[in-house]
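Work through the exercises below with the sequence and the coordinates open. Each task is followed by a solution in steps.

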Amino acid sequence: MAATKLIAMHQNKGRSVMQCLKDRTDYAKNGEKTEDGKYISSYKCQPDFVDWEFAQSKIDYLKKTWRQPKGDVIAYQIRQSFKPGEITPEEANEVGYETGMRFTKGKHAFIVATHVDRAHIHNHIIFNSTNLDCDRKFRDFWFSGIALQRLSDIICLEHGLSIIPKTKPSERQRRTKYPERVSMRDIIREDILKCLDQKPADFEELLKLLQAEGYEIKRGKHTAICGKEQKRFIRFRSLGDNFSEEHLKKVIAGEAELPENKTESREPKQPPREKRKFDLVVDIQEKMAQGKNGGYVRWAKKYNVKQFAESILFLQQHDIHDKETLDALVEGSAARYHELMKIIKDAETKMAENKVLKTHIINYSKTRDIYLAYRKSGYSKKFFEAHREEITLHKAAKEAFSNLPGGKIPKVKDLNEEFARLLSEKKTAYSEYKKIKKEMRDYQIAKQNVESFYAAQKTWDQEEDLKKKRQQQR
């Protein structure tokens, strides 16, 4: 049944855009999988030069928009597979071409390579992230995979092909048991136990039994063992306390019990989340207006009494005995909170500007010789086309330098020192920011709870006075 998947392709570290595109497209165009290119089709590009054309569009995009985002998607791949024996390679390629055309709306160049080397025929549809006009890029959107799957299903149904039936989440089969993962250390422990069952006379004889099982032994200060599928030796002591050299010698001598091969859980324990000491009281009148019943009201009254008590205890612990002091603390913590936030944001902005300027300086230095040669050539169009990317980066760097105050270009060393200083300032401010944020929140909650308490107390006093007047009138 037809299945579809959308994959974003990024530039690998240490490799150019052209090299990355070539790696992806060469795999798709593999002659052994496509019968020497028989089942390859394309739209607005040549399959033999698709990597060069896609890379050239990136340069044209940079020239038009002056945007060169880091970690950008260079292309997208759609994988589309079909039920074995249901479709011919020619029809599969036709379905892939129609899928690529309708998904990109004809605005992006793409190739369709149909692989026939597996039991299930499948398509690799690679389309350029840059559009044909080189002024926009395809941006992955929310639930794009679902949209692509629906489009593929529609096209497959139009061609009389089967699709994966949709089932409700409640009807889907879920795996309840997962196979236990067996590590290399578990296998070694199990083999050690088998050898111990043969009652070796001493530890040296145990090692010989392990060698007979196909293990290599390395003797030294710490005896180590290596299996057939292992790349490195493992010391006995790293197998656990019960499988250390000393303990195994005691087991052989009858001074200790036979160890058990138990795999200990290595998942780090999550520290318990810190619970807030107190929180805002519940507005009972508002909740009653929303239709809450009497049981909720009884719970809310008890909950509010607890929060009032915790708030009062918090104020006593912080030596706050009047409203003016509490108001001053609330205002002071809020002011410091916003001040620290501004420091962090300013540092982040300056760090980003620092990175951009450092990139321009490096690009300027790398492309200077090429630009000088371009000038000596009399600004030759042929030379420009051959070195378009380098010349474009050089011009972008010169334009950035012209906007510097005073026109003075800083040194990369100075920029690195400034970046380190800004990073240190940001870390220091952020550490205090987290602390002051919690304090501000606690002060604000305590203040609101105290105000709610006095307002409730006033309401209770008024109700008591009203009851007394009614009793006197009777």
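## Exercise 1: The chain as a whole

Of the 474 residues in the protein chain, 35% are buried. The model is a predicted one.

**Task.** State how many helices and strands the protein chain has, and what share of its contacts with a separation of 6 or more joins residues 24 or more positions apart.

**Solution.** 
- Step 1. The secondary structure consists of 14 helices and 8 strands.
- Step 2. Among contacts with a separation of 6 or more, 68% are between residues 24 or more positions apart.

## Exercise 2: Confidence

**Solution.** 
- Step 3. Where pLDDT is low, predicted coordinates should not be read in detail.

## Exercise 3: Strand β5 and its partners

**Task.** Decide whether strand β5 is mostly covered or mostly open, and identify what pairs with β5.

**Solution.** 
- Step 1. β5 spans residues 122-128 and is mostly covered, with 7 of its 7 residues buried.
- Step 2. Sort the side chains by direction: H122, H124, I126 and N128 point one way, while N123, I125 and F127 point the other way. Residues of both sets are buried.
- Step 3. Strand β3 (residues 73-81) pairs with β5 in the antiparallel sense over 7 bridges. In this pairing Q80 is opposite N123 of β5.
- Step 4. Strand β4 (residues 110-115) also runs antiparallel to β5, joined by 6 bridges. Here A113 is opposite H124 of β5.
- Step 5. β4 and β5 make up a hairpin, with 6 residues between the two strands.

## Exercise 4: An open sheet

**Task.** Find the order of the 3 strands in the open sheet that contains β7, and name the edge strands.

**Solution.** 
- Step 1. Strands of a sheet pair through backbone hydrogen bonds, in either a parallel or an antiparallel sense.
- Step 2. The order is β6-β7-β8, with antiparallel pairing.
- Step 3. β6 (216-218) and β8 (234-235) are the edge strands, since each pairs on one side only.
- Step 4. β7 (residues 224-226) and β8 pair antiparallel over 2 bridges, and A224 is opposite R235 in β8.

## Exercise 5: Helix α1 against helix α3

**Task.** Describe how the axes of α1 and α3 cross, and which residues make the contact.

**Solution.** 
- Step 1. The axes of α1 (residues 17-28) and α3 (residues 50-65) come within 9 Å and cross at roughly 145°. The crossing of α1 past α3 is right-handed.
- Step 2. On the α1 side the contact is made by V17, M18, L21, K22 and T25, and on the α3 side by V50, D51, W52, F54, A55 and K58.
- Step 3. Sorted by class, this contact has 7 nonpolar, 1 polar and 3 charged residues.

## Exercise 6: Positive phi

**Task.** Locate K105 and K199, and state whether each is buried or exposed.

**Solution.** 
- Step 1. Most residues other than glycine have a negative phi.
- Step 2. K105, in the loop between α4 (89-104) and β4, has a positive phi near 60°.
- Step 3. K199, in the loop between α6 (184-196) and α7 (203-212), has a positive phi of about 55°.
- Step 4. With the cut-off for exposed at over 50% relative accessible area, K105 is exposed because its value is 65%. K199 is likewise exposed because its value is 69%.

Key
Residues numbered from 1 in each chain as written. Predicted model: local features only at pLDDT ≥ 70, side-chain atom pairs only at ≥ 80, totals over all residues. Heavy atoms only, no water. Pairing = 2+ DSSP bridges. Helix = DSSP H or I, 4+ residues; strand = E, 2+ residues; numbered from the N terminus. Axes fitted to C-alpha atoms, helices over the stretch in contact; angles between N-to-C directions. Left-handed = near helix turned anticlockwise from the far one by under 90°. Contact = heavy atoms within 4.5 Å. Nonpolar A, V, L, I, M, F, W, Y, C, P; charged D, E, K, R; others polar. Buried < 20%, exposed > 50% of the residue type's maximum accessible area, 1.4 Å probe, protein only.
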